[in-house]
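Hi,

Here's the structure I promised to pass on. Have a look at it first, and my notes follow below.

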Amino acid sequence: MNEEMSSRRGAWLRCYRCWSQRLEAQVHYDAILRINPATGEGDERIDEIHEAVVQCLDCMHDQPHLTVQEGRVVPIEDRWARMVAGKPFVASCTVTVDQELIEACSGPEAADSLTYGAFGDAGNREFFTHVRFHKHEDELIVVHLLVELYARSEDEAVDVLTEASRGVLEITSLAEESRPPAHAGEDPH
Ligand SMILES: [Zn+2]
């Protein structure tokens with residue numbers, strides 16, 4: 001591996017919140033075994049990654065800008081630069097979606113289901129969301145949320161929210177927060 005490759009890896013192979021490089025991946029595999037009829041043994045073992053979650057050992061947050069491919073951590077291209085170089089923004093917003101997009105709006109699944117209905121995968125995996133309440137209007141559901149996301153500018157934060165939104169998005173306020181302090185290991189003290 002040449003030097004350029006390794007310095008580029010250093011750019012993304014870190015926690016997007018505290019920049020720590022102490023990461024851990026939880027990988028769940030599905031194993032598919034082809035059974036040998038003579039011995040009953042599983043001959044060909046084909047592992048398929050079912051789910052991989054990379055976590056920071058210092059701040060314990062999941063790392064949605066990283067995933068695992070063929071046993072190696074790789075960055076998610078349209079996400080890592082924005083998240084590692086960005087700052088947290090907090091948006092207060094509503095997303096109005098067709099009620100069919102929301103599986104459950106009461107009970108223990110409600111918050112996840114309303115978040116997924118409003119912002120899809122990004123809502124459940126990348127953003128920190130808090131559903132404040134929701135309202136039914138005929139066939140529509142208006143979800144009121146607080147969302148924290150990482151972006152390099154206010155415009156980019158608006159773009160990310162707009163792209164993730166599965167319905168009509170209305171942002172009532174958007175504020176830049178300060179980044180959590182870098183991990184103590186990189187602190188000169
Ligand atoms: Zn961290």
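In what sense do strand β6 and β7 pair, and over how many bridges? They run antiparallel, with 9 bridges between β6 (residues 128–137) and β7. Before you read on, keep in mind that this is a predicted model.

Staying with that pair, His 134 sits opposite Val 143 in β7. The β6 and β7 hairpin has 2 residues between its strands, and Asp 138 there takes a positive phi near 55°. β7 (residues 140–151) has another partner too: strand β5 (residues 87–98) pairs with β7 in the antiparallel sense over 12 bridges. On that side you'll find Phe 89 facing Leu 149 in β7.

Domain 1 puts 4 residues into the contact and domain 2 puts in 7. On the domain 1 side, those residues come out as 3 nonpolar and 1 charged, with no polar ones.

One residue I'd point you to is His 65, in the loop between β2 (42–56) and β3 (66–69). His 65 counts as buried because 22 other C-beta atoms lie within 10 Å, and the cut-off for that is 20 or more. Beyond its neighbours within four places in sequence, His 65 is in contact with several residues, including Trp 12, Tyr 16, Trp 80 and Met 83. Ala 81 is 16 residues away from His 65 in sequence, and the C-alpha to C-alpha distance between them is 8.6 Å.

Cheers

Notes. Residues numbered from 1 in each chain as written. Predicted model: local features only at pLDDT ≥ 70, side-chain atom pairs only at ≥ 80, totals over all residues. Pairing = 2+ DSSP bridges. Helix = DSSP H or I, 4+ residues; strand = E, 2+ residues; numbered from the N terminus. Contact = placed C-beta atoms within 7 Å. Nonpolar A, V, L, I, M, F, W, Y, C, P; charged D, E, K, R; others polar. Buried ≥ 20, exposed ≤ 12 C-beta atoms within 10 Å, placed from the backbone.
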